[in-house]
Amino acid sequence: MPRFSVVVPVHNVQGYLRTCLRSVLDQSYGDLELIVVDDRSPDGSPAIVDEFAALDGRVVPVHLPANGGIGAARDHGARLARGEYLLFLDSDDSWTPGALRAIAERIDATGRPDVVLFDYARAHWQGAVRRNRDAPLFREPGPEVFTIAERPELLDLFTVVWNKAYRLDFYRGGGFSFPDGFYEDAVVVYESLWTARTITLLDRVCVHYRQRRRGNALRTPSRAHFAVFAQYERLFRFVDDRPELERWRDFLYGHMADHYLFILRQEDRVPPSARAEFHRRAARDLRARRPAGHRRPDRVPRVAAALLTWAPYPLYALYSRTSGPRARLRRRCRVWRRRLRRVLLALHRRLLLCRPLDPHLAVYSAFSHRGVLGDPAAVYRKARAIAPHVRGVWVVGRDHVDAVPPGVEHVLPNSRAYRRVTARATYFVNNVNWANDLVKRPGTVHVQTHQGTPLKSMGVDLLPYPGARRGFSVPAMLRRADRWDHSLVANPHSELVWDRAYPCGFTSLRTGSPRNDCLALPDPGRRAAARERLGVAGDRTLVLYAPTFRDHRQDGHAPTCDLELIATGLPADHVLAVRLHPSLARSPERGLALRDLALAGLVRDVTDEPSVEDLMLASDALVTDYSSLMFDYALLDRPVVVHAYDWDTYRAGRGTYFDVTAFPPGHVTREDAELAKLFASGAWRDGESARLRAAFRGRFCVYDDGHAAERVVRRLMLGEEPAAGAARVPAPGAPRREPAPGAPVHDGPARP
């Protein structure tokens with residue numbers, strides 16, 4: 001008997017069917033039967049079903065004599081099922097790699113529950129992939145196994161059967177079956193969740209739900225949408241027959257009202273000739289089934305619900321027809337409000353700009369207001385220590401306020417407080433550009449710290465790479481960069497790159513990277529504290545894997561290397577910690593292999609760790625591809641491995657300043673198996689690795705000596721002359737000054 005029975009109903013999906021079936025048969029967990037039910041499909045789908053059945057004995061082909069609809073096809077497949085668990089998959093959707101193994105492991109870990117709910121992502125026809133907007137529900141704390149009464153919010157999830165695994169004994173014992181017609185999923189979903197004694201969640205994207213451009217039956221105007229009345233009649237009858245489910249009547253009524261209104265609002269559901277009849281049927285249901293003391297859910301519009309329930313159709317139709325003009329009026333009002341607000345803000349800003357600058361006020365931001373991070377944070381901390389008279393204020397986005405350390409003054413972007421401090425501050429420290437509307441006043445000092453040493457093309461050097469600057473205007477970026485007064489550089493390579501990539505009027509400061517001070521001169525005990533917080537014993541070897549994003553991949557930019565192969569190939573006393581690029585923190589890709597491996601204990605997902613410096617200090621080796629982290633990590637003089645599995649593609653899509661595979665900080669691998677072998681053999685820390693690292697450090701760790709932040713504060717806030725090695729080097733277009741005595745001489749812009 002197979003562990004899983006997978007039922008796939010098929011009708012007019014020849015363009016997608018092969019992808020769907022392969023996604024099931026190619027699962028790493030292969031203990032399954034695939035019951036493919038051809039619902040008398042008139043296209044080439046039946047031949048594809050037979051083709052797969054001939055190639056794989058796990059495929060059970062079924063050809064129905066007449067078309068009965070998706071519900072009847074699913075019921076037929078469920079009757080043939082022999083597995084321990086039953087799953088449904090629509091024939092234009094697909095499973096993600098490793099999905100079935102993750103479901104099996106969740107079942108084993110939670111004692112064979114009645115129902116397993118797992119997550120999905122919408123795969124749009126133009127290539128974008130978006131994770132389910134309710135994904136946070138899967139991560140909320142709560143019992144591992146529960147009833148729906150303990151987690152009632154899960155009833156508001158998308159009402160589909162293909163994101164659930166049903167224990168077959170429970171499914172058959174409950175007598176669940178699909179009704180005829182549209183919206184059939186809701187019946188089985190609610191009946192099963194209400195009666196299940198044990199439910200568990202799997203926080204993992206297991207299904208790619210295809211969003212077709214055309215061909216979706218639910219978005220085709222027809223009387224078939226009247227089936228929704230029969231579905232809710234059956235659900236209310238189900239509740240009527242079971243007194244223990246009475247608590248769900250109010251929920252069901254609210255959901256029904258919301259659903260009826262939704263169908264009537266959509267122009268691609270009920271045809272115009274049948275809308276009056278649909279309205280009458282809906283009003284009858286809503287009046288007849290309204291529970292005593294019912295309170296309208298917030299999601300149900302008050303006026304529309306009242307008109308649908310109590311008013312004649314002409315009045316409801318009039319209200320609906322005026323929804324367009326009302327919406328246009330609301331939009332027009334919003335436009336005028338925005339215009340008025342802009343005028344008032346401009347006036348307020350003009351008044352604020354009349355006030356004198358505060359010579360003791362500095363404003364900081366990092367990574368587009370994501371918190372107290374990076375080089376600006378290092379400058380801020382040093383200023384508090386040696387220039388306490390300079391008041392430091394951070395600009396922090398609303399979503400990141402909770403992470404601001406205690407005692408750090410901060411303002412929200414575009415707030416009144418933000419306008420006040422940015423109008424009067426003398427110092428502006430950022431590692432990205434400030435917003436377009438920030439006015440640079442005479443006497444202000446703008447410091448651009450950057451985000452590390454550049455390997456990939458930046459600034460005007462992005463012009464030959466349209467994919468890498470998608471949605472990004474280079475001229476607009478240069479206008480913002482024209483506000484820079486000083487650009488911090490960590491090495492001669494960075495100095496030359498910034499000069500050419502940003503042809504503006506700033507002055508380069510050979511200070512080093514302030515955020516790297518803690519790497520060049522680490523605090524005693526910080527490494528041990530970081531390892532303890534990460535749960536890594538002192539005798540274990542921690543390998544940090546930190547890939548960068550991929551401009552040539554839409555949305556996720558996720559790396560495609562085999563993390564499981566790499567993790568399992570490490571020696572037993574090694575721990576692999578994975579830090580995805582911050583842009584991937586909310587990516588659907590993170591809900592796939594990385595989630596599985598982290599739950600299985602094979603890797604540590606440290607993407608959300610706020611301090612990358614702590615991660616570097618805690619680790620014993622770095623594996624990366626083309627992340628600028630390698631330049632910072634080289635300061636620790638610990639082994640670095642460059643895993644350049646797609647170097648040619650990356651370089652063609654983004655452009656780089658030098659060939660890191662020819663001048664690497666350590667060994668270079670091209671295949672996942674090669675990387676695993678490198679660590680298994682211990683060669684990752686051999687003499688060749690040390691030799692390559694020494695040459696790399698000699699080129700890129702020139703100015704980082706642990707005093708970069710102090711140089712910045714003393715030079716710019718205290719007015720002291722820079723120490724040796726911190727010479728001022730003007731960029732093209734800036735007034736030239738003589739370098740400090742003994743400082744390196746600027747060679748002029750040249751390709752590094």
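Colleague: Why is Arg18 called partly exposed?

Modeller: Arg18 has a relative accessible area of 30%; buried means under 20%, exposed over 50% and partly exposed in between, for a 1.4 Å probe and protein chains only, so Arg18 counts as partly exposed. This is a predicted model, in which local features need pLDDT of at least 70, side-chain atom pairs count only at pLDDT 80 or more, and totals for chains, interfaces and linings use all residues. Residues are numbered from 1 along each chain as its sequence is written, and side-chain values use heavy atoms, with hydrogens and water left out.

Colleague: What makes the contact between the side chains of Arg18 and Glu51 a salt bridge?

Modeller: The term requires a side-chain nitrogen of Lys or Arg within 4 Å of a carboxyl oxygen of Asp or Glu, and the N to O distance for Arg18 and Glu51 is 2.6 Å. The partners are 33 residues apart, with Arg18 in helix 1 and Glu51 in helix 2, where helices are DSSP runs (H or I, at least four residues) and strands are runs of E (at least two), both numbered from the N terminus. Glu51, at a relative accessible area of 32%, is likewise partly exposed.

Colleague: How do you know that Glu84 is buried?

Modeller: Its relative accessibility is 18%, so Glu84 falls in the buried class, whereas its salt-bridge partner Arg112 is partly exposed at 39%. The two side chains meet at 2.4 Å, N to O; Glu84 lies in the loop between helix 3 and strand 4 and Arg112 in the loop between helix 4 and strand 6, so the pair ties together parts 28 residues apart in sequence.

Colleague: Why is the pair of Phe4 and Tyr85 called tilted?

Modeller: Rings of Phe, Tyr and Trp (its six-membered ring) pair if their centres lie within 6.5 Å, and planes under 30 degrees apart count as stacked, over 60 as edge-to-face and the rest as tilted. By this rule there are 39 aromatic pairs. For Phe4 and Tyr85 the centres are 6.4 Å apart and the planes make 50°, which gives a tilted pair. It joins strand 1, where Phe4 lies, to strand 4, where Tyr85 lies, across 81 residues, and both residues are buried.

Colleague: What makes the pair of Tyr120 and Trp162 edge-to-face?

Modeller: The ring centres are 5.3 Å apart and the planes stand at 85°, so the pair belongs to that class. Tyr120 lies in strand 6 and Trp162 in the loop between strand 7 and strand 8, so parts 42 residues apart in sequence are tied together; both residues are buried.

Colleague: How do you know that Arg74 lies over the face of Phe178?

Modeller: The test asks for NZ of Lys or CZ of Arg within 6 Å of the ring centre and within 35 degrees of the ring normal. Arg74 is 5.0 Å from the centre of the Phe178 ring and is counted as lying over its face.

Colleague: Which residues touch the most other members of the largest nonpolar core?

Modeller: A nonpolar core is a set of buried Ala, Val, Leu, Ile, Met, Phe, Trp, Tyr and Cys residues joined through side-chain atoms within 4.5 Å. Within the largest, which has 69 residues, they are Phe88, Tyr166, Tyr171, Trp194 and Tyr260. Helix 8 gives the most to this core, with 9 residues.
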